[in-house]
2 protein chains.
Amino acid sequence: MKFATYQNGTRDGQLMVVSRDLTKAVAVPEIAGTLQAVLDNWEALAPKLQQVYERLNGEGYASAVAFDEEQCHSPLPRAYQWADGSAYINHVELVRKARGADVPPDFYENPLMYQGGSDAFLPPRAANRLDSEDWGIDFEAEVAVVTGDLPMGSDLVECEKAIRLVMLVNDTSLRNLIPGELAKGFGFFQSKPASAFSPVAVTPDELGDAWKDGKVHLPLLVQLNGEAFGKANAGVDMTFNFPRLVAHVAKTRELSAGSIIGSGTVSNRGEDGGPGRPVAAGGLGYSCLAEVRTVETILNGKATTPFMRFGDRVRIEMLDAAGQSVFGAIDQVIARYNEA
Amino acid sequence: MKFATYQNGTRDGQLMVVSRDLTKAVAVPEIAGTLQAVLDNWEALAPKLQQVYERLNGEGYASAVAFDEEQCHSPLPRAYQWADGSAYINHVELVRKARGADVPPDFYENPLMYQGGSDAFLPPRAANRLDSEDWGIDFEAEVAVVTGDLPMGSDLVECEKAIRLVMLVNDTSLRNLIPGELAKGFGFFQSKPASAFSPVAVTPDELGDAWKDGKVHLPLLVQLNGEAFGKANAGVDMTFNFPRLVAHVAKTRELSAGSIIGSGTVSNRGEDGGPGRPVAAGGLGYSCLAEVRTVETILNGKATTPFMRFGDRVRIEMLDAAGQSVFGAIDQVIARYNEA
C-alpha cells in the first residue's frame with residue numbers, strides 16, 4: 001500500500017490512499033482520517049485499506065483525484081517519535097579520516113542514534129525556512145521506517161515484523177552549530193531543525209525484491225539545484241539494517257505505533273574502497289554536503305563546496321527498477337524564515 | 001485549572017478536570033476528550049474549561065467522581081515532544097567536581113538539553129518495569145512545562161506566554177549506560193527509558209506567588225522507600241528559567257502545542273555553597289541518586305549509596321504553602337519488565 005497526507009488546515013492532515021504509480025489518490029474517511037489513526041489500529045484497518053488500494057489500482061473510484069505531491073504534508077505531519085541512526089559507517093569513517101581519527105571498534109557493534117524533534121515536520125514540497133545561512137545549512141538524504149507497537153527488548157524478528165511503512169527523509173542539519181553542541185556532550189539539539197519526509201510512505205511489500213535483509217536496495221537520488229549530486233545505493237554499506245536500528249530503540253523502552261526510525265545519511269564507499277567521487281566524475285556522489293566537504297578535505301586539504309544558501313534547492317527521490325518514483329520527491333528550497 | 005488523564009484503555013486516555021484540592025474530577029466530553037485536544041485548540045477551549053473548573057470547585061457536578069491518582073496516566077500519555085534541560089548547574093558542578101573537571105563558562109550561558117522519547121510515557125503510579133538492575137537505575141525529580149505553538153526564534157516574553165501547564169516528572173536514567181553513550185558523542189538514548197509525569201498538570205496561575213520569574217518556587221519532595229530523600233527548592237539555583245529553556249528549543253525550529261520542556265534534576269547548593277547534606281543530617285538532600293553518589297565521592301573518595309533495585313520505590317510530590325499537594329504524587333516501584 002501507499003499512503004500520503006494532504007494538507008487540509010488541520011494539524012494531522014487528511015489521509016490519502018495513493019495508487020502504486022502515484023497518479024491517483026482517494027480519501028477514506030470511513031476507514032481513517034489520519035495516518036496516525038491507521039498506525040494506532042493497524043491490524044483492524046490494514047485489510048480494509050488493502051481492499052481500497054487494490055481497487056484504486058484497478059477499476060478505480062469515482063471519488064479519486066489526480067495525486068498531487070504539492071498538496072502533501074509529511075505522511076505524519078507530527079509524530080510521537082523520530083529517532084535517527086547513523087547506519088552507514090562509511091560516512092563516519094570519512095568524517096573521522098578528515099580529522100585524522102580512527103573509528104572506535106564499538107561503532108561497528110552498536111548503532112549511533114539520536115532522538116530528533118517530531119512535533120512539527122515540514123511538508124516535502126514547502127520551503128525549508130530558517131533564520132540564518134550562517135548556521136551551515138545542509139541536507140541529509142536518508143531512508144526511514146515507521147513501526148507499530150513493540151515491547152521492550154524485542155528481538156530482530158519482532159522488530160522486522162513491526163516495520164509498517166518505509167519513506168524518505170531530508171534530515172536537515174545545521175553544520176556550524178554541531179561542534180559546539182557535541183562538545184557539550186548532550187548530542188544534537190539546535191543543530192537539527194525540522195525534518196521533511198517524502199510525499200508517500202509505502203508498505204515494505206511495495207518494494208518487492210528491493211526490500212531485502214531489512215534494507216532498501218535502490219539508489220537514493222539527490223539533486224542539488226537541478227544537478228545530480230548523489231545516487232548512493234541505500235542497500236549497500238548499511239552496517240546496521242532497519243531491524244537492528246529499531247531494536248536499538250526498543251532496548252530499554254517500549255515503542256509506540258507511529259515511531260519513525262531513520263537510517264542516517266546514506267553513504268557508499270568509493271570503488272577503490274576509499275572516498276567516492278562526484279557524480280559528474282562518474283562516481284556515486286554524496287547524500288549530504290558535509291560528506292563532499294570531508295572528501296575535499298581528505299584530498300585537497302580544505303573543503304570548497306559551500307553549505308546551502310537561501311534559494312538553494314535539494315531534491316530527494318528513489319526510482320524502482322522500472323524507473324517509477326516509489327515515494328514521490330522531497331523538493332525543498334531554502335528560504336529565510338522571517339520572510340514567510 | 002488542573003487537569004488529569006484517566007487510563008481508559010485508549011492510547012490517549014480520558015481528560016479529567018480536577019478540583020484545586022484534588023478531591024473531585026469530572027470528564028468533559030462535550031469540550032474535549034483528551035488533553036492533547038485541549039492544547040491543540042487552547043484559545044477556544046480554555047475559557048470553557050475554566051467555567052467547568054470554577055463550578056467543580058464551587059457548587060460541583062452530579063457527574064463528578066472522587067479524584068483517584070491511581071487511575072491516572074501521565075497527563076499526556078504520549079506527546080509530540082519531550083525535551084529536557086539541565087537548568088540546575090549545581091548538579092553539573094558537582095558531577096564535574098567529583099571527577100576533577102571545571103565547568104566550561106559556556107554552560108552558564110546556554111542550556112544543556114537533550115531530546116527524550118515521548119511516544120510512551122508511564123502512568124505515575126504504575127510500576128516502572130525495566131529489564132535489568134545492572135543498568136544503574138536512578139530517578140530524576142524535575143519540574144516540566146507544556147507549551148502551546150511557538151514560532152522559530154521566539155523571544156523570552158513569547159516563550160513565557162506560551163507556557164500552558166506545569167507538572168512534575170521522574171526522568172528515569174540508566175546511569176551505567178550513560179558513560180558509553182556520551183563517549184560516542186550523540187548524547188543519551190538507551191540511558192533514558194520512559195519518563196512518568198505527575199497525575200495532575202496545572203496552569204501556572206494555580207501556583208500563585210510560587211510561579212515567579214518563570215520558575216516554581218516550592219520544595220520538590222522526594223522520598224526513597226518511604227524516607228525523605230530530597231526537598232530542594234525548584235525556584236533556587238535554577239540557572240535557566242522555563243522561558244529560557246523553551247527559547248532554546250525554539251531557536252532553530254517551530255514548536256507545536258503539547259511540547260513538554262523539562263528543567264533537569266532539581267539541585268540546590270549546600271548552605272556553605274558546597275555540596276549539600278542529606279535530609280537526615282538537616283540538609284535539603286537530593287533529587288537523584290547520582291548526586292548523592294557524587295557528593296559521597298567528593299567527601300569520601302567513593303560512592304556508597306546504591307542505585308535502585310527491583311522493589312525500590314520513589315515518590316515525588318510538591319506541596320503548596322498550605323501543605324496541599326499541587327500535582328498529586330508520582331509514586332513508582334521498580335519492577336522486572338518480563339514479570340509484567
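The legends below describe views of a predicted model with chains A and B.

Residues are numbered from 1 along each chain as its sequence is written, and chains are lettered from A, and ligands numbered from 1, in the order in which they are written. In this predicted model, local features need pLDDT of at least 70 and side-chain atom pairs count only at pLDDT 80 or more, while totals for chains, interfaces and linings use all residues; side-chain values use heavy atoms, with hydrogens and water left out.

**View 1. Fold of chain A.** Chain A has 7 helices and 21 strands (DSSP runs numbered from the N terminus: helices are H or I of at least four residues, strands E of at least two). Its radius of gyration is 19 Å, close to the 20 Å of the globule rule for 340 residues, so chain A is as compact as a globular protein of that length. The radius is taken over C-alpha atoms, and the rule is 2.2 Å times the number of residues to the power 0.38. The C-alpha trace of chain A spans about 60 × 45 × 40 Å along its principal axes. Of the 340 residues in chain A, 61% are buried (under 20% relative accessible area; exposed is over 50%, partly exposed in between; 1.4 Å probe, protein chains only).

**View 2. Contact between chains A and B.** Each chain is represented in the contact, with 56 residues from chain B and 56 residues from chain A (contact means heavy atoms within 4.5 Å). The area buried between them is about 4,900 Å², and carbon and sulfur atoms give 54% of it. Buried area is the accessible area (1.4 Å probe) that two parts lose on being put together, summed over both. On the chain B side, B:Tyr80, B:Phe186 and B:Phe189 lose the most area to chain A, together 20% of what that side buries.

**View 3. Surroundings of A:Gln36.** A:Gln36 lies in helix 1 (residues 35–40) of chain A. With a relative accessibility of 8%, A:Gln36 counts as buried. Beyond its neighbours within four places in sequence, A:Gln36 contacts A:Leu76, A:Tyr80, A:Ala257, A:Gly258 and, from the other chain, B:Arg78. A:Arg253 is 217 residues from A:Gln36 in sequence and 20 Å from it in space, C-alpha to C-alpha.

**View 4. Surroundings of A:Ala27.** A:Ala27 belongs to strand 3 (residues 24–27) of chain A. This residue is partly exposed, at 30% relative accessible area. Apart from neighbours within four places in sequence, A:Ala27 is in contact with A:Gln14, A:Leu15 and A:Met16. Between A:Ala27 and A:Trp135 there are 40 Å in space, C-alpha to C-alpha, and 108 residues in sequence.
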